[in-house]
Structure formats: structure tokens, C-alpha cells
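Hello,

Here is the structure I promised to pass on to you. Have a look at it first, and then read my notes below.

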Amino acid sequence: MPKLSIIAFDGTRHDLEVQAGSTVMENAVRNSVPGIEAECGGACACATCHVYVDDEWSARVGAPEAMEEDMLDFAYDVKPTSRLSCQIKMSDGLDGLVVHVPERQA
Ligand code: FES
């Protein structure tokens, strides 16, 4: 099972073991990580699951697709490493992934 670390805005680190195929958002919600609201339930239609992919992982996770990029326009304080966590699917290739929760959602 791939490992996923989600760093909350207050610096609290949530180290999780997750199912391949699950999304970062699903794991954040399931584990009550604060700051991930995910109002649309993962449909790429709300931008309240915004995270920053850790610099070390950004290239491996890759860039958002067009629809996600459009939704990111509605997110708060978007940076080059911004992604919507419902659009990042965990896999063995992302074992050890680290993401950071922003100060607030849109
Ligand atoms: S949960 Fe709504 S865009 Fe990700």
C-alpha cells in the first residue's frame, strides 16, 4: 500500500497508508485531515480540495488537466505546485507522496 503524507496548515503531519487507486482527497477526508472540504465529493467542480504538492514530488505527480486547471482558478492562493487533491490518484509510483494543505480553501 502506498504511503501518503498530508501536512496540515498548522504543520501537523498525517502519515497514511492508502489504497492504490484512491484519491488524495478521499484519504484526507477519511482521516479527518483539517482543511480539505471537498464540497463536490470529488467531481472536480468545487476547488475546495486544493493542496500544494511538495516540491520533491511535483514533477512526478504532473500537471493538472484542462478541467482541473479551470477549477483551480477558483482556489485560494494558487501556486505552480497547486493541484486539486480529488484529481490525484494514488499508485505505487506515488509511494511516499507529500502534499501540503493551504491556509484556507476558496
Ligand atoms: S472535491 Fe471538489 S474539486 Fe475536488
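**Charges and overall build**

The 8 positive and 18 negative charges of the protein have mean positions that lie 4 Å apart. In that count Lys and Arg are positive and Asp and Glu negative, with His and the chain ends not counted; each charge is placed at NZ of Lys, CZ of Arg, CG of Asp or CD of Glu.

A word on the source: this is a predicted model, in which local features need pLDDT of at least 70 and side-chain atom pairs count only at pLDDT 80 or more, while totals for chains, interfaces and linings use all residues. Residues are numbered from 1 along each chain as its sequence is written, and side-chain values use heavy atoms, with hydrogens and water left out.

The protein has three helices and five strands, in the order β-β-α-β-α-α-β-β along the sequence. The radius of gyration is 12 Å, close to the 13 Å of the globule rule for 106 residues, so the protein is as compact as a globular protein of that length. Helices (H or I, at least four residues) and strands (E, at least two) are DSSP runs, numbered from the N terminus. The radius of gyration is taken over C-alpha atoms, and the globule rule is 2.2 Å times the number of residues to the power 0.38. Along the principal axes, the C-alpha atoms fill a box of roughly 30 × 25 × 25 Å.

Of the 106 residues, 46% are buried (under 20% relative accessible area; exposed is over 50%, partly exposed in between; 1.4 Å probe, protein chains only). Among contacts (heavy atoms within 4.5 Å) between residues at least 6 apart in sequence, 65% join residues at least 24 apart.

**Some residues to look at**

Ser5 sits in strand S1 (residues 3-7) and is buried, at 8% relative accessible area. Leaving aside residues up to four places away in sequence, Ser5 touches Arg13, His14, Asp15, Leu97, Val98 and Val99.

Ala75 belongs to the loop between helix H3 (66-72) and strand S4 (82-84), and is buried too, with 12% relative accessibility. Ala75 and His50 are 25 residues apart in sequence, and their C-alpha atoms are 6.7 Å apart in space.

What about the cysteines? Cys49 is buried at 2% relative accessible area, and Cys86 is buried at 8% relative accessibility. The structure holds zero disulfides (pairs of cysteine sulfur atoms within 2.5 Å).

Best wishes
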